[in-house]
Every structure is written in C-alpha cells, then in structure tokens.
Amino acid sequence: MLSGGEFKRILLVEDDAELAAMLKEFLEAYCYRVSAVANGVDALKAVMERVYDLIICDVMMPKMAGDTFYYAVQRVKPALCERFIFITAHGDTQRMQEFLNHVSGMVLMKPFHLEDLLQTILLLFRDLEDTTRRLTLSEGARTKLPFPTVTGIPPGLPA
C-alpha cells in the first residue's frame with residue numbers, strides 16, 4: 001500500500017453517494033488515501049490540484065461522463081491514463097464498448113465484489129511497478145557496464 005514510504009492516493013469518481021461512501025471506507029481500511037468526487041468536472045479539478053496513484057472512475061455520471069473525463073486527463077496529465085480502473089453498469093452501450101475497448105484502463109462491471117476491486121488495484125500497481133523496474137534496469141544496465149566500452153575501433157584493426 002505504500003509508495004516510497006507514503007500511502008497510495010486514490011481518486012474515486014462515483015456519482016452514487018452510497019456506493020462512493022462504501023468504496024471509500026473499504027479502501028481506507030486497506031490504508032489507501034481516498035478522495036471521492038461525484039462527477040468528471042470535480043475529478044478534473046482534483047487531478048489538477050493533487051497527485052494520485054490511481055483513479056477509480058464510474059463511466060456514466062452527470063456533468064462530465066467518465067470517457068470525457070479520461071480524455072481530459074489524457075490532455076493535461078497523460079501519464080495518469082495508465083492508472084485508471086473503470087467501474088460501470090453501462091458497458092453494454094455501443095459508445096461505452098467502443099470507449100472501453102479503446103482505452104488501456106482496467107474495467108469492473110457493476111455489481112462487483114469488493115475483493116475483486118482490491119485485486120484489480122493490486123494487479124494494476126504490480127504491473128506499473130514491473131514496468132518501472134524494467135525501465136530502470138534497462139537504463140541502469142546501459143550506464144553501468146562491468147567493463148569499459150570501446151567508443152571507436154582504430155583503423156586497421158578487424159571489427
């Protein structure tokens with residue numbers, strides 16, 4: 001649950017107040033720091049004001065739907081787009097199917113079990129850690145070779 005010694009921050013974007021309160025309480029029991037907002041407009045403001053490790057986002061909401069919010073985040077903080085988990089009961093509409101097939105975020109269909117949400121969160125964080133570790137290792141491997149490298153081969157020596 002910790003990210004560099006700090007608790008991971010989650011932005012929960014859900015217009016159903018009861019569901020949002022239940023999810024917030026559940027996730028905080030696992031030591032996540034959860035900020036909950038009821039629509040994409042408030043979510044976009046929150047993203048601009050604070051750093052989040054993960055966004056759990058309903059797809060159908062008033063003021064700004066989840067797909068519109070996602071595309072807005074893509075313009076202002078594109079790195080966050082790989083940190084979305086979408087939750088929806090409306091995945092069967094053509095618009096939502098096209099959107100959910102197009103984005104890289106994970107999707108949970110409502111109703112879902114709380115343990116499934118927790119497992120999805122852990123899976124997403126593990127995948128992000130693995131990607132970061134691979135990038136760090138490959139960059140480190142290039143800069144810390146066990147022996148000196150030759151920058152050029154003198155003329156007359158076989159290559």
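Trainee: Between which strand and which helix is the loop that holds Lys63?
Mentor: Good place to start: this is a predicted model, numbered from 1 along each chain as its sequence is written, where local features need pLDDT of at least 70, side-chain atom pairs count only at pLDDT 80 or more, and totals for chains, interfaces and linings use all residues. Side-chain values use heavy atoms, leaving out hydrogens and water. Helices (DSSP runs of H or I, at least four residues) and strands (runs of E, at least two) are numbered from the N terminus. The loop with Lys63 lies between strand S5 (54–58) and helix H3 (66–76).

Trainee: Is Lys63 buried or exposed, and at what relative accessibility?
Mentor: Buried means under 20% relative accessible area, exposed over 50%, and partly exposed in between, using a 1.4 Å probe and protein chains only. Lys63 counts as exposed because its relative accessibility is 69%.

Trainee: Leaving aside neighbours within four places in sequence, which residues is Lys63 in contact with?
Mentor: Lys63 is 25 residues from Ala38 in sequence, yet their C-alpha atoms are 9.3 Å apart. Contact means heavy atoms within 4.5 Å. With sequence neighbours within four places set aside, the contacts of Lys63 are Asn39 and Val41.

Trainee: What is phi of Lys63?
Mentor: Most residues other than glycine have a negative phi. Lys63 is not a glycine, but its phi is positive, at about 70 degrees.

Trainee: Is Cys31 buried, exposed or partly exposed?
Mentor: Cys31 also deserves a look, with a positive phi near 70 degrees in a residue other than glycine. Cys31 sits in the loop between helix H1 (17–29) and strand S4 (33–37). Its relative accessible area is 35%, so Cys31 is partly exposed.

Trainee: What is omega of the bond joining Lys110 and Pro111?
Mentor: Most peptide bonds are trans. Pro111 belongs to the loop between strand S7 (106–109) and helix H5 (114–143). The peptide bond from Lys110 to Pro111 is cis, with an omega of about -5 degrees.

Trainee: Now the whole chain: in what order do the elements run from the N terminus?
Mentor: The protein has five helices and seven strands. Written from the N terminus on, their order is β-β-β-α-β-α-β-α-β-α-β-α.

Trainee: What share of the contacts with a separation of 6 or more comes from residues 24 or more positions apart?
Mentor: For background, 37% of the 159 residues are buried. Among contacts with a separation of 6 or more, the share from residues 24 or more positions apart is 64%.
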